[in-house]
Amino acid sequence: MRYNVPLYFERKNIKSSDIFYLTRQNPHTIITLSSGESITTTIPIKELMLYLPEEDFLNISKGVVLRKNQIVHISDEGLYTMTDGTVFQGRKRNLSQHKQIRKELGLNAQNYSDVSEDSSLQLFDNCSFLNDMPLAFCIIELVFDANGHGVDFVFRYCNDEMAVVEGVPVSEMLNRSFYEVFENGDKKWLVTYADVALNGNKHILQDYSPEIDKTLTIYCFQPAPGYCACVLIPS
């Protein structure tokens with residue numbers, strides 16, 4: 001049986017650029033989008049793959065297809081971590097293939113969370129002139145644990161205005177997890193920050209922040225691979 005995938009995509013308003021990953025849970029295929037929405041269909045993955053750009057997607061095991069530029073880490077054991085924190089097990093045969101894929105995708109095997117505080121301070125010495133800038137500014141680093149789990153961000157630089165806008169002293173933000181400082185922080189922003197840190201894309205976020213009871217506009221850009229810089233403007 002052949003499926004009219006283009007018509008299905010059109011009806012469901014699915015763009016290939018919005019697809020995060022495909023997973024098979026017989027008898028269904030789950031299409032997960034970058035928005036976090038999941039769409040369930042009976043169309044097999046192999047049929048969907050015929051209409052997706054081959055250069056953008058990677059089949060890591062039977063029933064799991066991932067968007068390449070949203071893979072944040074590949075462990076030596078073949079665990080693939082996505083920018084939304086989801087982890088998938090790749091094929092367990094020929095584990096060396098996963099290392100080769102990691103190399104091809106330009107992913108560093110280093111555990112970024114092991115970066116020392118001293119090296120971070122040295123890296124951002126040049127940010128000192130922003131300390132008194134009248135706009136809140138911070139740089140957060142993409143981190144994950146040694147097994148490729150637990151995608152998170154750690155504050156590496158915050159100027160003085162960050163403390164004013166967020167209501168948290170700079171000393172309590174530096175080198176701490178974003179979601180440790182802001183326990184109620186929206187997890188959906190993790191994907192955007194990771195896209196900036198990994199792929200160098202620029203984004204503008206706007207949302208209500210219950211911590212400060214204001215709407216924040218956040219301009220995000222990549223100051224260096226693995227990092228996301230943010231300018232925060234409350235309104």
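These are my notebook entries on a predicted model, going from the overall make-up to single residues.

**Ground rules**

I number residues from 1 along each chain as its sequence is written, and side-chain values use heavy atoms, with hydrogens and water left out. Since the model is predicted, local features need pLDDT of at least 70 and side-chain atom pairs count only at pLDDT 80 or more, while totals for chains, interfaces and linings use all residues.

**Overall make-up**

I looked up the secondary structure and got seven helices and 13 strands. These are DSSP runs numbered from the N terminus, helices being H or I with at least four residues and strands E with at least two. Burial came next: 46% of the 235 residues count as buried. Buried is under 20% relative accessible area, exposed is over 50%, and partly exposed is in between, with a 1.4 Å probe and protein chains only. I also checked contacts, meaning heavy atoms within 4.5 Å. Among those between residues at least 6 apart in sequence, 47% join residues at least 24 apart.

I went to strand β4 (residues 57-61) and found four of its five residues buried, so the strand is largely enclosed by the rest of the structure. Its partner is strand β5 (residues 64-67), in the antiparallel sense, over four bridges. I call two strands paired if DSSP finds at least two bridges between them. Leu58 of the pair sits opposite Leu66 in β5. The hairpin has two residues between the strands, and Gly63 takes a positive phi near 90 degrees there.

**The β6-β7-β8 sheet**

Here I have an open sheet of three strands, ordered β6-β7-β8, with antiparallel pairing. β6 (71-74) and β8 (87-89) are the edge strands, each pairing on one side only. From one strand to the next the twist averages 25 degrees. For the angles, axes are lines fitted to C-alpha atoms (for helices over the stretch in contact), and values run from 0 to 180 degrees between N-to-C directions. Three bridges join β6 to β7 (residues 79-82), and Ile74 stands opposite Tyr80 in β7.

**Aromatic pairs**

I searched the whole structure and it gave eight aromatic pairs. My rule takes rings of Phe, Tyr and Trp (its six-membered ring) with centres within 6.5 Å; planes under 30 degrees apart are stacked, over 60 edge-to-face, and the rest tilted. I looked at Phe137 and Tyr157: ring centres 6.1 Å apart and planes at 55 degrees, so this pair is tilted. Phe137 is in strand β9 (residues 136-143) and Tyr157 in strand β10 (residues 152-158), so the pair ties together parts 20 residues apart in sequence. Both Phe137 and Tyr157 are buried.

Then I took Phe178 and Tyr193, whose centres are 5.7 Å apart with planes at 65 degrees, so I logged the pair as edge-to-face. Phe178 belongs to helix α6 (residues 178-181) and Tyr193 to helix α7, so parts 15 residues apart in sequence are tied together. Phe178 and Tyr193 are both buried. With Phe153 and Phe155 they form one aromatic cluster.

**Nonpolar cores**

A nonpolar core is a set of buried Ala, Val, Leu, Ile, Met, Phe, Trp, Tyr and Cys residues joined through side-chain atoms within 4.5 Å. The largest has 31 residues, and Phe153, Phe155, Met173, Tyr193, Ile218 and Cys230 have the most contacts inside it. I listed the elements that each supply at least two residues: β9, β10, α5 (160-166), α6, α7, β12 (214-221) and β13 (227-234). α7 gives the most, with six. Leaving out residues up to four places away in sequence, I have Tyr193 touching Ile140, Phe153, Phe178, Leu205, Ile218, Cys220, Cys228 and Cys230. Another core lies apart from this one and has 15 residues, including Phe9, Leu22, Ile39 and Ile43.

**Thr192**

I also checked Thr192, which is in α7 (residues 188-199). Thr192 is buried at a relative accessible area of 15%. Beyond neighbours within four places in sequence, Thr192 is in contact with His203 and Leu205.

**Cysteines**

How many disulfides are there? I count a pair of cysteine sulfur atoms within 2.5 Å as one, and the count comes to zero. Cys138 is in none; its nearest cysteine sulfur, that of Cys230, is 4.4 Å away. Cys138 is buried at 4% relative accessibility. Cys230 is in no disulfide either, with the sulfur of Cys228 nearest at 3.8 Å. Cys230 is buried too, its relative accessible area being 3%.
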